[in-house]
Amino acid sequence: IWKAVQDFKEEYKGTSLLQPRAVYRFFRAESAGNRLRLVPEGEGEPGEFEFPRQKRDQGLCLSDYVRPADGNPPRDTAAMFLVSVGRNVREMAENLKNRGDYLKSHILQALALESAEAYAEMLHSQLRKTWGFPDAPAMTMMERFQAKYQGKRYSFGYPACPRLDDQATLFRMLQAQDLGVQLTEGFMMDPEASVSAIVFHHPDTTYFSVGLRGGPEDDNRQ
């Protein structure tokens, strides 16, 4: 399989098979209980999220990572982003399958998904740098994979923010349709090789579950 993947990459090297695209934006942010309010810099409407909280003493909620509202303009910031490399991937994968190239079809879809995740990780590192805490030069790829850096990104539908319908607010505030990504009726992203997230810079951020899926409330990679 490894050789087949390398051969596929060599065959399409230099082409525009995978087309990475991204949109991101910083927002002024404030919290009130479980609610998070984001106010865009410049044009755009504000948006609100109400995140679930762990059902235990001192239970965590994503809104905890933003300064509370105090009647003044928001004193904190948060970011949101959307990346995609899936443009035309489905059509190309279908064409390969119809030709009988089933392995190539699967390789293309897998590469698109992994490329989208890699692009999201790269963009997140740039956001951290913009906030003023770039990754240390000696940071290893394993440390990045383990999120050994300040701040975290959280994708809707995952343990800390399991409500997929919050995607609609993110898409509206980022004007994500301009990127060629749409939401299905079930709030899934189309094309599939896309990653969206809300990003916090607080040094105590961690991955956790609110338990709405019936699973343990432990740390989980988003």
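Is the crossing of α2 and α3 left-handed or right-handed? The crossing of these two helices is left-handed, a term that applies if the near helix is turned anticlockwise from the far one by less than a right angle, whereas clockwise gives right-handed. The model is predicted, so that local features need pLDDT of at least 70 and side-chain atom pairs count only at pLDDT 80 or more, while totals for chains, interfaces and linings use all residues. Residues are numbered from 1 along each chain as its sequence is written, and side-chain values use heavy atoms, with hydrogens and water left out.

Helix α2 covers residues 89-98 and helix α3 residues 102-131; their axes come within 7 Å and cross at roughly 165 degrees. Helices (H or I, at least four residues) and strands (E, at least two) are DSSP runs numbered from the N terminus, and axes are lines fitted to C-alpha atoms, for helices over the stretch in contact, with angles from 0 to 180 degrees between N-to-C directions. The pair α2 and α3 is therefore roughly antiparallel, the class for angles over 145 degrees. On the α2 side the contact (heavy atoms within 4.5 Å) is made by Val 89, Met 92, Ala 93, Leu 96 and Lys 97, and on the α3 side by Tyr 102, Lys 104, Ser 105, Leu 108, Gln 109 and Ala 112.

The strands come next. Strand β1 (residues 21-32) runs antiparallel to β2, joined to it by six bridges; strands pair if DSSP finds at least two bridges between them. Within this pairing, Glu 30 stands opposite Arg 37 in β2. The two strands form a hairpin with two residues between them, and Gly 33 in the turn has a positive phi of about 65 degrees.

Strand β2 (residues 35-40) also pairs with β3 (residues 47-50), in the antiparallel sense over four bridges, and Leu 38 has Gly 47 of β3 as its bridge partner. Six residues lie between the strands of this hairpin, where Gly 42 takes a positive phi near 85 degrees. In a regular strand the side chains alternate between the two faces of the sheet. Buried means under 20% relative accessible area (1.4 Å probe, protein chains only).

Pro 74 lies in the loop between β3 and β4 (76-84). At 17% relative accessibility, Pro 74 counts as buried. Leaving aside neighbours within four places in sequence, Pro 74 is in contact with Arg 28, Ala 29, Glu 30 and Val 39.

Note on methods
Angles under 35 degrees count as roughly parallel, over 145 as roughly antiparallel, 65 to 115 as roughly perpendicular and the rest as oblique. Buried means under 20% relative accessible area, exposed over 50%, partly exposed in between (1.4 Å probe, protein chains only).
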